[in-house]
Amino acid sequence: MTFQKRSDAPYFFGENGGERKMNRNQKNIRTMVLAAMFLAIGIVLPTITGGIPQIGNLLLPMHIPVLFCGLICGWQYGLIVGFITPLLRGAIFVYPIFYPNGLGMAFELATYGSVIGFLYARFHKKNVASLYISLISAMIVGRVVWGVVRVIMLGVAGTAFSWQMFIAGAFLNAIPGIILQLVLIPAVMTALQKAGVLHNQYRG
């Protein structure tokens, strides 16, 4: 199956520059609305864990809307929504605590949203393989960024951040959430295309 840009997308049409500009503005407004929706989902979705941080660390519910934002809205929105989501949620619901968890997550999620959006947009053929390459790359780079930020922050506080702590926090404890993302994100992208929601589509 392959993602291809739809030739009937409204912003590709218009007999004069004014119509094209209007359609681009409509597209930009739609993208901003979608980004705001993903931000809201990222704030609310972690409540499914019952406010228990240990469950949240397993399922990673805040990651999912940020990854979708990068894919659907583009890397710029993915970066912004990814950075804002944990900080805004912490301000509203107390958790994640701003320092060090919230700030570390802000850099991590910003990396997820920007990397997946940037890489996915670079592929000429947008198929399942390119989606998985973008997704897995974002997961790896985001976790590396999280580890670097934690080393810096905890180093400033005079606390050690060991390699074992990085592996446990970035991978071992997150295995259920990683599996969930690898299954859910391609499935939802396919469902959205079949429903005619996306401007990009899977084709066999």
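1. The second largest pocket has a lining of 26 residues, and Gly56, Asn57, Leu60, Tyr95 and Met105 are the ones nearest its centre. A pocket here is an open set of points on a 1 Å grid, over the protein atoms alone, with protein on both sides within 12 Å along at least five of seven lines; lining residues have an atom within 4 Å of a point.

2. A word on the basis: this is a predicted model, where local features need pLDDT of at least 70 and side-chain atom pairs count only at pLDDT 80 or more, while totals for chains, interfaces and linings use all residues. Numbering starts from 1 along each chain as its sequence is written, and side-chain values use heavy atoms, without hydrogens and water.

3. Now to the aromatic rings, which pair if their centres lie within 6.5 Å (stacked under 30 degrees between planes, edge-to-face over 60, the rest tilted; for Trp, the six-membered ring). There are three such pairs in the structure. Trp146 and Phe166 are stacked, because their ring centres are 6.2 Å apart and their planes at 25°.

4. Phe166 also pairs with Phe171: centres 6.0 Å apart and planes at 85° make this pair edge-to-face.

5. How exposed is Phe171? At 31% relative accessibility, Phe171 is partly exposed, whereas Phe166 is buried at 11% (buried is under 20% relative accessible area, exposed over 50%, partly exposed in between, with a 1.4 Å probe and protein chains only).

Key:
1 Å grid on protein atoms, 1.4 Å probe; cavity = no way out; pocket = protein on both sides within 12 Å on 5 of 7 lines; lining within 4 Å.
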